[in-house]
Structures are given as C-alpha cells and as structure tokens.
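Biologist: I have a new structure open and would like to learn how to read it. Could we go through some of its features together?

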Amino acid sequence: MSYYITSLLGLLPIFIILGISFNLLLGYGGLLSVSHGGFFGVGAYVTAILIKDHQLEFLPAVLVGALLAGVMSMSVGYAAGRLSDEFLFIVTIAVQVALVELFNNLEVTGRSAGIAGIPRPTVFGQQLDSNTKVMILAWVMCALVTLVCWRVVNSPYGRLLKSLREDVPAARSLGKRALWTKVTVFAFSSAIAGMAGGLYAMHTLYISPAEFTLDRTVEILSITIIGGMAAYWGPFLGALVVLALPEMLSFADIPDSVAGPINGIIYTLAVLLLLIYRPQGLLGRDPVKVAERNAARRAAKSGQPAHAGSSDAVPEVSLDLFARVVGDQETAEVKTLRSEGIGIAFGGLKAVDDVTLSVRPGQITALVGPNGAGKTTVFNLLSGALKADQGKTFYGDRDISGLSIERRAQLGVVRSFQEVRLFEGMTVQENIHVAVTDIKHESLISQFTVGAWRGRDEADGERAEQILRSLGLHEKRHMLARDLSYAEQKMLMMGRLLATGAACYLLDEPMSGLDQAARAQLSELLRQIVADGSTSICIVEHSMQVVREVASWVMFLDRGRLLTEGSPEDVMNDPELTAIYFGHPV
Amino acid sequence: MRLIRSAQIVAVVAAFSLAAACTTDSGTDDAGTSGIEGATGKATTGDETYKIGLGMPLTGAAASYGEEYVIAVKEGIADVNKEYAKDGIKLELVTADTQATAEGGISAMNKLGAVEKAPVVLTAWSAVVAAATPVAQDLGFALFNAGAQSPSLIGSSPNLVNVLPMNDVQLDNFTKYLTETKGYKTFATIYVDNESGQGTATAFKKAIEARGGKMVAQESIRQDATDATTQIAKIKDSGADFIYMQTLLVEGAATMKAYREAGLDIPIGSYAGVGESRVIRDAGKDAMNGLIYMSHIPEDIDAVNKLLDRMQAADPGRVLANQSYNGYFYASPFIYAEAIKELRSQGAPVTGKNVLAVLNTKKDINVPIIGAMDLTNKLTYVGPTIIRQINDYKANPMDDETIDSVTAD
Amino acid sequence: MDLLITLIKTGLVMGLLYGLFAYGLSLILSVNKVFHVAQGATFVFSAYVFYTLGTTLEWPVVLAFLGAVAAAALAACLMQYLIYVPLAKRDADPIVVMVASLLVVAFASYVIEFAWGAGVASAAVPDWFGWDTRIAGIRVDVYDISVLVLSVALFVVMHWFLTRTHAGLEFRAVGDNPERAQALAINLDRVYLRSMILGSVLVVPAAVLLALKAPIHPSMGFDLLLKAVIALTIGGMGRMSGALIGGLLVGLTETIPLYWLPTEWGEFIVYIVAFVFVLFRPTGLVGNKRKPRKSAKSSDTTSTSDPMSTSGSVESAEPTPVS
C-alpha cells in the first residue's frame, strides 16, 4: 500500500513543477504554447539516456536535459515574439508533434519502444535506490522551483511579462525588448519542464513517446486552468486534482475498462466549465475584486473615500513636484530627431512622400493636416513602427533608420498612441513602475544578482510613486488602469512616457477626448517638459486652438508631403493651407 | 558587472555538479543469481495457498487476447490445484489490467507485486515486459513472460523468466530454411515500431546476413497504424525475394491489406502472432495463402488441441486466436508449482528471489503439454520450433500445414 | 519511377482529404472568427456515428452518411450554444476560446472511447467500394476517385454558394464587417450558427471516406485536425482555395520525401516545414494581405486615417474574410 502512495506522492511534485512552468507561460506571459509536453519529453529522454548509457549522476544529467529543452524552445520563443496568438498556437502544435515524431524515429531514444530499465539516480555519490528517496528528491526540486519562480514572478521581469501580456506595442514603445523577453520566458519555462522530465524518468523508470504527446500537454493545460492562471499556488491544487481524480475513481468501483475515459471526461469537462464560468480557476482571484479590495484597504488606512473616482475626474497635477521630477531626469546631450526624405508606399499609394523635418528640442512642434494626410504614418516612421522605403532618420548624429521601436525608445525617442494603450489589467503604479525600470534590470538573470537583493526594485518603486504624486494620481495608484477616468488615463500615459526618461516625445493626438480643464492641465505639463531646452515634443493635433496654445512650430502635411512649416500664425493664416485643411477646392 | 557575477555563480554550481558526476555504478542488483535464501532445511508441511499474479490487457485494444490468456491460465491453475493438492500447494490467482501498454503494465505490476505481494507475476506483450522488469527487480518478484518473444528480452533482467521460445532461435531456423531450402537471396522486412518489432527485425537482419543473404529494405510501421501502402510500395520497389513481417494485429491487418491491394506476389512470411491471427487473415484474404510462419507451438499437438477444446468449452462464444501461445500460459502455473515444491522441500520461504534461484539451477522441470523445461540458461526456455504454411486463410490455424520442423541445437 | 508515382498519388489523395477537412475550418474562421479546433471532435464523432449506423445497425451506406451529417450538424449546434456563445457573452480572451476548443477535441475522444471502446473499429465496406482499376500502372480505387470527385464538387458548390446565393453573401458580409452587416439587418446569431453548421458538415465526407477505407479509432480527430490546420496555414487562411492548395501541399510533403527517407520521417518533415512556413510567411501562399489587427480590448477603435496604421503590431497577421 505504501508503495502505491509513495508512487503517487512522487508524481505530484513533478506535475506541480510542470504546472508552475506552464503557468509562467500562459498565466503570466499570456502565451498559449501547446508544446510543453514535448519539452517535458526532451528533458526526460536526455536525462534517461545520460544516466543509462553514460552513467552520469542525476544532477548533471538533468541539467543537460533542462538546458537542451531550454535551447530548443528558443526557436518557439522566437516564433512567439513574431506571431499572433492563433499562429503561435499552430507553431507550438507543430513543434509538439515534431518532437514526438523525433522521439519515435531516433535510434538513440529507442524509437517507439522508448527507453526501459532506467537505473535509479545517483546524487553526490549516493544511489537513491527506493521510490521514497526519489520522491524526496522530487519534492526538494519542487521546492526549489517554487522559490525561484516566485522570485521571478514578483520581480521586474515578472512585471515586464505582465505588461507584454497586456499590450506588446505599448511595451515596445517604452523600450522593452518584447522578442527577447518572449524567447527567455520560453527558454526558462521549457527548461523547467525539462527538469520535470528528468524527475519523471527517474520515477517511472520507463519512458516512451506516448507519454509526451498532445494529451500530456492538455493535461498540463488542465492543471494550470483548474488551479487558476496567474494564481501562483494554482498548479499545486490543479496537480492534486488531476492526479487524485483517477484514484478517487478507483474507489468508486468503476470497471477498469471505462475508468480511463471517464477520468478524461471528468477533467476535460471540469476545465471547460471553469473556462466558461470561472476563468480565473479555483484559486485565481477576480482581478477587479482584488483591486477593489486593495483600494478599500488603502483608503481605510488613509481615511480617504474608497470609491473609484467618477469618470469625470481630472487629476490634479502638482506642478512644482512635477518640475522636480522632470528636472531629475539625466540631461544628456541635446539631440534632435530629424528625417531626411523619408517615404513609404502601400500597394502603389504613397502614404508619405519625401518628408524632411526636424523636431527641435526645447519646443513643442505640431504636425497638422487634413484627414488621410499621413500624419500617423509619419509618426510610425519616426518611431520605428514602420520601415521607410526611402530616406533616413536621425537622432542626434546617429542614423536610426534601421532601428526597431524599442531600440529607438531606449535611445530616447518614444511615442504615444491615439488609443491610449495602457496596461489595463495592471495597476496605475505598476504601469509607471514598468516604465521606470531599466531594461537591464528586467532580464531574467539580473533577478538573481546581488543588486536585485539590495532593493533596487524598491528604489524604482519609489521613483514611480514620486511621478504619480506629481501627476495627481498617487491616491489611485492601486486601481487598475482600466478603471481610471479618461483624463486620468491620458495623464497616466504621459507619466509612463516620462518615466522612461526619454528626451523626444511623439504624441499622437494627446488632447483628443479631453475637456477644457484637462486640456489645460496637459498643455501645462507639456510646456514644463520642454522647459529645460533639451527635450523635444511633437504632437499630431487636429484642434487649431490647441496648436495655437501649445505649439511654437507647426508642420503642415497633405497627401503625404510636407507642404510647409512655420510658426502657428504663419501657417494658420495662410489661405491656401486653410483651404486644403477645410477641404475647399484650391 | 552583475552579469559576470551571476555568470560566475552559475559556473561554480555547474562545476560542482559536474565534479560530482563521476561515473556511477549503474548498480544492477545481481541478487537473482544468488542461491536460495532462508532455507531452514526442514521441509514445509501443511497446506498453503500461494498467490500468482497475472498482468494482462483486460481493457483496451488487446483485451480480447488478454482475456483468452486468462482462460488458459485459469485452466492451468485448476489443474495445478488438483495435482499438487497432495503436496499441500494451492495457487490463488490475482489479476491486474495492463492494457498492453508500459504505463498500464507498471501500474499493474505495482498492484500485483506491492499490494498483493505475489511472488510470481505472469505477463506478456513486450512493452509491458520491458517496463515491468525494473519494478520486478525493485519489488523482488519473479516475472514470467509467456508471450513476448523479442530476443532483446533474453537475460535483460535477473528477475525475468522467458517461458516460451524466443525469436532468436526461431529466426535462426527460419532463416536457414529461407536461404538454404528456398534459396532466397534478397530480403525485405516490415516491422512494428516497438520493442518486439525492432528486436526481431534486428535479429532477422543479423541472421540473414550470417547466412549470406542481403537485406534490401527495412520498413517500419507504427503500432495501430491503419495504412501501409507506402511501406509496401517501397518494398515492392526494392526487388526483394522474400518479405518478413513482424507486426501486431492492427498494423498487421493494414499491411496485408496493402499487400493484397498492391497485387504483390513476393513470398511473405511472419511469426505465429500474425499467421494465426483471424483478424489479419481476414484482412489479407487470399493474399495470405502461401504465407509461411514460424511457430513455437508445443510438439504435442494433441495436447494443445485438447487444451483449446477445454478453453472453447469454458467460453463457447469466443473465437480462439492464440493457438501457439495458450499452451505456455497453461503451463506457467506448473512451473511455479514445481519451484514451490522444491522450496518447500528445503523449508525455504516462497519469495520471488527464491523462485528465480530454483529456476536458475533446476534442470529437470516437467510440465504438461510442453514437457521438459530447462530454464537454467538465462532463465529462458529453448524449444523446438516449426514452420507452418497457410493454404486456406479461412481455415482454423491448427489445420495449417507444417512444412518444416527444425529442432533447437 | 513506379514508387515515385505511387507516392505522388498517395500524397495527392491524402492532400485532398486534408483539404476537405480544412474547408470547414476555413469557412468558420472567416465568418465566426473562431479557430474551430473542435472540428476534430465533429470529425471523429461523425465517423463513429457512420460506423454505428452503417455497420452495427446495418443501414445502407447512403442513409448512414446522412445520419452522420445530421450528427455533425447537431454537434455543431451544441458547440456553438454550449461553448462559443457563453464564452463570447463573457468577453473571453481569444486564447481562452482556443483552449476551450482544444479541450472539446480531447473531451470528444474520451467520450468516444467510453462509448465505443479504445480499440479500432472497422466499418463494413460495401462491395462496390472494393472495385479498383489500374491507370498508367497505378492502382486507383473507389476511395481515390471519391476523394477527388468530392473535393472538386465541394469546392465548386461552395464557391457558387458564397458568390451567388443570398445566404452565402450574408456569410461574407458578416465575415468582413459584422457591425455593418448587423446594421443591414442581417441576423448575426443566425449567420454564425449557420456557418458553424455548414463548416462542420463539410467534414463529414472526409470522415465517411476514411471510415470506409481504414479502421477508425478515438484519437483520429487530433491527427487529421493538425494536418488540416497545417494545410490551412501553408495554403493561406480566409480563402477556400487556400484550404485546397494547402492540403495538397501537405499531402505531397508527407509522401514525396519518402522516396529517399524511411517512411517514419514523413510526419516530422511536414511539421518542420509548417514551422518554418509559419515563421516566415504566416499568411500562407494565397492568403490575403495583412490587415491591422483589431485588438480585443474593449475601448478600442483604431480610428486612424491611414489604412496601414498598425500601431506597432506590424508582424501580426489576421485572418481575413473570404474573397
């Protein structure tokens, strides 16, 4: 009897590890990868082969297995970084099946027969010759994985993952390396799955391709969903449920012939129902309720009203605080963003045609023109979202024409979007915190360095709060970004850009949808930003009044060409331009 | 700098673990070859019941075959209990479902070995046997294999007893017949991509080449595959004189169907599992006529027929399918009973290890139907094998023609 | 040479079968905007229904086929109202919808295993199905001809349906711009249901042919589904011709390399080619040009004036309507 229970207890940590690693991908990263079973298998096979045929000890064997799984999955991570959800799904299915085919076809993996007679593992010279000892090893590794992943999830890297799950273009516009992060999260997650595979081989002493197929992936998926995606302890509960289910069925005296499918029916049905009625799983918490609870808690502490602000709330900017925040930014050399003859065509239509402009520092420049003129396209070209067919773009002395969005953002050129694009499922503070954090401190490895332990992240958190205070959003910092009023969201968007410490801001219709009061706030803010003479702002704007109030230089775009530029009065008093703008025939 | 720091830490950890990675002893337990333990010298008297475990597919694709073997074993146990009652020996059967898969096998072995604590467990199917041997070693029971014939199983574990002729001897005789009597020069193989298929295909190739033949095509087919047209097309293209087929049921049926549809007339041969299979014979139809197969059916055909009649009477609705194999399942309880008898005479406890010790040394075990069994060489039975030919695929396999009979050297 | 021709023929026939499967997927994708992975469940379910009606109950083949069609339609309704509609009502993430769809396939294979057993089941084959002939030395049988005739017929019929009938135009309208279609008084729910049913029913010919050709088993849903998905990816989503072309390519990729490689590597090659394809040309061979991806977030209307304003998501491709 105890052999049986030991066996079950030995499997549990393995599935918990699998669930944790999968949760990292799906729950935190929002990446649906269906190839987890395959990488589980890679680790299992490598470990088994190294221990059986090459007499390696367990630890080096499992490390190699995890490493190989991690490296192989980097290709999938690369795919994830470039593709949308449906295609990632397809790619990971292809990888899953390809891996199983590989296991089935190679001599070294024993082909369809798999590898039998795997010897018991040896750790530091001691052979673990009983099921109990192997079980203890598995639980030790499970504890380790739990700790490490806990650290990862609650670190800047974890926050970055969340932001990528929310909105990739927004994250990239802040300088975040989306592709690389996806590659690393895949590699990390698959390496852990590979480790679980090594433990699995030690437990069952026999592995075959049939154990690492899509069915296994669905099982892992179920574990994650039952426990709750992005609920850290979810996989523990999920693994327990999925493993205990067959045992409970055997007590119910169901004949063996139907026990297998009944088991499958029950847990797939359970997962389907959960997906529809309780997508946060058994342990996950409804994010809105969490945020409310937190807000209420904070409010109770500080004696403020607990309600989320009315939808008309306009944040109160504290200008001197703000000045200090802005002043704190390191002022590097003054750089000008300029383009020389850039152009791009879509299917024969020239959207932007030979545009040469510069965004001068210390000024707010406005880019105006009738609808369809190509203003946002120009922004896309300047920020790196689109690659120009002709011409070059420079920032300072540097030719940035070939650089990506995030690279340009890292250099100091950031842009905002017409649709605010906040990280809606994250709190206000987290939105800023992500932006404040330097990308160097967001890599996976840097979470385990000495600096990480010394409260570097807390320092960033402090700075985030400072920015929030100056923007009048500090009281709402634990609210979810999606629950802010429109004006507050716009302010938060600005705050996020500011937090990156950029020196050149491309703002796409920043004033749209705001009322007079909010507009005034934002305009003042913009003026403060360029006050130091080294920062530059360019806005796309439709309202002439705003342009008059805020801009000191105007560029007029029509049908993709820069017609003219000059001071607001010159441009707006030009009758030809007005005619074009209002659509009168010339 | 931080990156270098963390890289250093990683390197140290890696070095540590690699340093510990001295080659380890794979630590195989060779207790199986040791002698009988715990013998008191004073013979055990008094009636006792001994458990015998049976791991068979009771569910899943192979269930019908498993159920047939269960009948054979039950007949054997009934006869053992009659015959050995005077020695105070009674056998009790405990079954567990293996589903003919490795995972199912391990679970069944755990149940039989750890929960039921049976000293001997009888099973079949190469996947199950391969997966079960480590469990047998772990838990200390003796694993009797009465169905899987892959040569790779011979001596693969000190706890494994192969009570039926394995493919190596059969292939040796078979290839001799093919090369010398029939004069074939070039050969093709189509084999199921699992333990038994791979093991037998490799052994076949070796045996052919040892006799100067040439292997011109080797095609594998997945277990339970339903389409073999590509493999057959490639074999046809290879221009072989003879095709050897080592498959299980589903893919075997697919293979013969493809063979028939391709209108192939290359002579084809296989082993008893295929030759006697009603499913495959019906899939191949007249293409099966002329197929020759190695059979390890016990020499005493009358005794086999009597057993088959008894089994049919026990379950009139069943279509019997395992003519060559049933006898060995029937005989296994007798082997066990003989070992128990020996141990009782020495006053030794009946444990798996002790049973193995007896089988490793006792040369004169006699069981019904099979006759004399000598398991002392790697705990594997070597027996005479014959070659049979299908003349009418619709007929009862017991009526197939025996065209050659080669005794083991 | 004989071998090569046999391989090509096998590949073409299998490819047409994958194309048949992929038609339904393609239709549902363009109209309902759902990656109907659960099509695999409909497929295996209808195969087993055909088996039960035709073999166990001994109905004539045609009736059994119709029964299978009815079963597929029923399954489609159930999936639509029990899974997709509730999820849509709750504003579920597209990922969640895909996961749910995948789980339905797993669920179906377990249910079938429960009801019919885990082993293979061989449907009774009518005598006329065994007829074969030799064309240019290659064996051609009723199965091959049926697959060819059916795929061509279905392709033609679907094309006519989508371009010439009112219902078909409704499909395309909804696929192109649901809000606008609704404004034109097209009942969205009805169209969604219809396209789900039609797409699901398209899979029945493939299921029945396969059931006649070889034994069926509970997990055959997954296998064919994956190939069809690959076919759709390589061929290009959104257009019916993409399904056909993709299917043929998958079938050929699976068999032609076997002229040089051992048989077991066929599948591996297909999936590696698929991987590379998706990475470098996700829109497939005849897929439509990339359009900006409408984000699933609530407050969004990409109200840009430029058609290609991608807001940064340059690399994401979105399935586009049938054209």
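Modeller: Gladly! Let's begin with one pair of residues: L122(B) has F144(B) as its bridge partner in β4(B). Keep in mind that this is a predicted model.

Biologist: Which way do β3(B) and β4(B) run relative to one another, parallel or antiparallel?

Modeller: They run parallel, and four bridges join them, with β3(B) covering residues 120–123. To get from β3(B) to β4(B), the chain passes through helix α4 (residues 126–139) of chain B, and this β-α-β crossover is right-handed.

Biologist: How should I read the side chains along a strand?

Modeller: Here is the general idea: in a regular strand, side chains alternate between the two faces of the sheet. In β4(B), residues 142–145, A142(B) and F144(B) point one way while L143(B) and N145(B) point the other way.

Biologist: Are those four residues buried or exposed?

Modeller: All of them are buried.

Biologist: Let me try a loop. Where is Y381(B) found?

Modeller: Y381(B) sits in the loop between β12 (371–373) and β13 (385–389) of chain B. Y381(B) counts as buried because 25 C-beta neighbours lie inside 10 Å, and the cut-off for buried is 20 or more.

Biologist: Which residues is Y381(B) in contact with, leaving aside its neighbours within four places in sequence?

Modeller: They are N162(B), V163(B), L164(B), P165(B), M373(B) and L375(B).

Biologist: Now for domains. How is chain B divided?

Modeller: The domain assignment gives domain 1 (33–165 + 301–378) and domain 2 (168–295 + 386–406) of chain B. Their centres, taken over C-alpha atoms, are separated by 29 Å. The contact between them takes 17 residues from domain 1 of chain B and 18 residues from domain 2 of chain B.

Biologist: Which helix gives the most to the domain 1 side of that contact in chain B?

Modeller: That is α4(B), with three residues. By class, this side of domain 1 of chain B has nine nonpolar, eight polar and no charged residues.

Biologist: What does the assignment look like in chain A?

Modeller: Chain A has domain 1 (2–211) and domain 2 (329–412 + 501–586), and 47 Å separate their centres, taken over C-alpha atoms. Seven residues of domain 1 of chain A are in contact with five residues of domain 2 of chain A.

Biologist: And how many residues of chain A and chain C are in contact?

Modeller: 55 residues of chain A are in contact with 54 residues of chain C. Helix α4(A) gives the most to the chain A side, with 15 residues. That side of chain A divides into 34 nonpolar, 14 polar and seven charged residues.

Biologist: Last topic: what should I know about nonpolar cores?

Modeller: In soluble globular proteins, nonpolar side chains tend to be buried together. In this model, the largest nonpolar core has 432 residues, and V91(A), A94(A), F50(C), A68(C) and A207(C) touch the most other members. Not counting residues up to four places away in sequence, the contacts of A68(C) include V49(C), F50(C), V204(C) and A207(C).

Key: Residues numbered from 1 in each chain as written. Chains lettered and ligands numbered in written order. Predicted model: local features only at pLDDT ≥ 70, side-chain atom pairs only at ≥ 80, totals over all residues. Buried ≥ 20, exposed ≤ 12 C-beta atoms within 10 Å, placed from the backbone. Helix = DSSP H or I, 4+ residues; strand = E, 2+ residues; numbered from the N terminus. Pairing = 2+ DSSP bridges. Right-handed = clockwise from strand over helix to strand, strands pointing away. Domains from an automatic or database assignment. Contact = placed C-beta atoms within 7 Å. Nonpolar A, V, L, I, M, F, W, Y, C, P; charged D, E, K, R; others polar. Core = buried A, V, L, I, M, F, W, Y, C linked by C-beta atoms within 7 Å.
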